[in-house]
Amino acid sequence: MAQGGEGGGVQAVIHTEYGMPFYKEDFSSFLRFPRFSSKFVFLYPETKKMKLDKFDLAILKALQQNSRASLNEIGAEVGLSSTPCWNRIKRMESAGVIRGYTVDIDPASLGFMDTVIVHITLESHSEETLYEFGRALAQIPEVLEAFLVSGDYDYYIRIAVRDTRDYERLLREQLYRIPGIRHSKSCFVLRRLKETQLPLSPPPAE
């Protein structure tokens, strides 16, 4: 746990499971990439989840806002001393609720001025095709997120590029060289209207 520090550029990565199937193994280059199994076994999220109380949620909220805050600062915000805060944080890390800590970097400051949303349909939906497609995407650094989705398309992909020429190069040299793509549609993001953190209010009582 980092002690103190200025700025809020470090974010806690909080793990949640949705009602979508996922694969077994992670490609290390992806934070939110669908997980693929070398045996092509389609798995579903675990039904058992760690039960979080109001203090856990308050700690997670504080970490999302600034994971560089000291234990004393977090404790003062949530109403606990530093030792119980530390124990709860370690427990949530062990349970996989907190997956890690990362840096929130401004893409434009590094020259990535455009974001492209790409919808892709594959020729085949066999498990081997999905695996090979996912493995190919994992080798493209500009692909920030990739989701296997329901609906008219198979994949939703978010890509960071420097400009339209850079995107044309990426299509020609990398994306369109992946076997099995039947159709794709690209949309350039004109403006980001909202980017927020996970809502951490207690779930409604059953």
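The buried residues of helix 2 pack against helix 1 and helix 3. Before going further, a word on the source: this is a predicted model, in which local features need pLDDT of at least 70 and side-chain atom pairs count only at pLDDT 80 or more, while totals for chains, interfaces and linings use all residues. Residues are numbered from 1 along each chain as its sequence is written, and side-chain values use heavy atoms, with hydrogens and water left out.

Helices (H or I, at least four residues) and strands (E, at least two) are DSSP runs numbered from the N terminus. Buried means under 20% relative accessible area and exposed over 50%, with partly exposed in between (1.4 Å probe, protein chains only). Which residues of helix 2 are buried? They are Leu71, Ile74, Gly75 and Val78. These residues lie on the same side of helix 2 because they cover an arc of only 100° around the axis, the arc being that of the directions from the helix axis to the C-beta atoms. The face turned away from that buried side carries the exposed residues Asn72, Ala76 and Glu77. After helix 2 comes Gly79, with a positive phi near 90°.

Now follow the chain to helix 3, residues 82-94. In helix 3, Cys85, Arg88, Ile89 and Met92 are the buried residues. They too share one side of their helix, since their arc around the axis is only 100°. An α-helix has 3.6 residues a turn, so residues three or four places apart point the same way. Thr83 and Ser94 are exposed on the face of helix 3 turned away from its buried side. The buried residues of helix 3 pack against helix 1 (54-65), helix 2 (71-78) and strand 4 (98-103), where contact means heavy atoms within 4.5 Å. Just after helix 3, Gly96 has a positive phi of about 85°.

Of its 19 residues, Val118, Ile120, Phe133, Leu137, Ile157, Ile159 and Leu175 touch the most other members. A second, separate core of 14 residues includes Ala69, Ile74, Met92 and Ile98.

Finally, the whole chain has 5 helices and 8 strands. Their order from the N terminus is β-β-β-α-α-α-β-β-α-β-β-α-β. Of the 206 residues in the chain, 34% are buried.

How values were computed: The expected span of a helix is 1.5 Å times one less than its number of residues. A nonpolar core is a set of buried Ala, Val, Leu, Ile, Met, Phe, Trp, Tyr and Cys residues joined through side-chain atoms within 4.5 Å.
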